[in-house]
Amino acid sequence: MPSQPILRFAPSPNGRLHLGHARSALFTDHWARVLGGTFLLRIEDTDLGRCRPEFVEAIFENLHWLGLAWPEPVLRQSERFAVYSAAASQLQQLGLLYPCFCTRAEIASGAEGPDPDGAPIYPGTCRHLPSAEAAGRIARGEPIQMRLRMDHAMALAGPLTFPGAQPDPDQPPHAVPARPERWGDVVLQRKETPTSYHLSVVVDDAAQGVTHVTRGRDMEAATDIHVLLQHLLGLPTPIYTFHELILDADGRKLAKSKGSESLASLRAAGWSAAEVRHAAGFD
């Protein structure tokens, strides 16, 4: 790992930041300062249909308002599709990717139970399609997504752990077991883009030399997939820390998709940056 600690905050500009994002950004910045490291901002804008330039500008504005700063230029994932495709090709050469033509309804009807996020686990319908049939369907222009053959990936990787701890120099990390098999054959390249969150985040953390990943508890289970991909692609595994979430009045995590009140709305209502920092747990 690089000698200087590197941490990152990586929002998606598919909506406006809320108080939960403020906690995550401030948590990451806090530990970067404690460790004498660098706080990076990364824009994860691979969803070209939902991400908008005005949301990117709002991210910059709100984080500056909170008192955060970061080095330029800021990495934007929408400019790195060729890099992600190259990583997927590595996995393809290992025989670990296969095309899937299933719709969401078809997946739900044959699901083998829920994954850690509650979504249906893919039943493997296309896993054993004859190559000629798959090639024909691709040639006809049927939408496809590329899935990771989890059983083969786990056979190659064997038992996996990752270093977990508060990013504190006085607290050494401990080995945390990773269980990526509970996710099933995850999608690594989507129908509309040549990547997925899982693939691009792993590739970019390595490219930027990230040594410590701080993320909310809601992302703890997904770390299993990232550790597996790091192993398969020969990439370093950072130290992972999971912070508690800010919940709404109903005990649910804040989310853009649920219309959680944005930082922009709080600012318009008269909140100061100090008040937002306090509400996020940082004075």
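**α7 against α8.** I started with helix α7 (residues 197-207) and helix α8 (residues 223-233) in this predicted model. I found the two packed at an angle of about 60°, with their axes 9 Å apart. Angles of 65 to 115 degrees would count as roughly perpendicular, so I noted α7 as oblique to α8. The crossing of α7 past α8 is right-handed.

Next I looked up who makes this contact. From α7 I listed Y197, H198, L199, V201 and V202, and from α8 I listed I225, H226, L229, Q230 and L233. Sorting them by class gave me seven nonpolar residues, three polar ones and no charged ones.

**α3 against α8.** I then turned to helix α3 (residues 81-93), which also packs with α8. Here the angle is about 75° and the axes are 10 Å apart, so I wrote down α3 as roughly perpendicular to α8. On the α3 side I found A87, Q90 and L91, and on the α8 side L229, L232 and L233. This contact came out as five nonpolar residues, one polar and no charged.

**T214.** My last stop was strand β9 (residues 212-216), where T214 lies. Is T214 buried or exposed? Its relative accessible area is 5%, and buried means under 20%, so I put T214 down as buried. Setting aside neighbours within four places in sequence, I found T214 in contact with L7, F27, T28, P167 and T241. With T28 there is also a polar contact of 2.5 Å between the two side chains.

Conventions: Residues numbered from 1 in each chain as written. Predicted model: local features only at pLDDT ≥ 70, side-chain atom pairs only at ≥ 80, totals over all residues. Heavy atoms only, no water. Axes fitted to C-alpha atoms, helices over the stretch in contact; angles between N-to-C directions. Helix = DSSP H or I, 4+ residues; strand = E, 2+ residues; numbered from the N terminus. Parallel < 35°, antiparallel > 145°, perpendicular 65-115°, else oblique. Left-handed = near helix turned anticlockwise from the far one by under 90°. Contact = heavy atoms within 4.5 Å. Nonpolar A, V, L, I, M, F, W, Y, C, P; charged D, E, K, R; others polar. Buried < 20%, exposed > 50% of the residue type's maximum accessible area, 1.4 Å probe, protein only. Polar contact = N/O pair within 3.5 Å; in protein donor to acceptor, adjacent residues only side chain to side chain.
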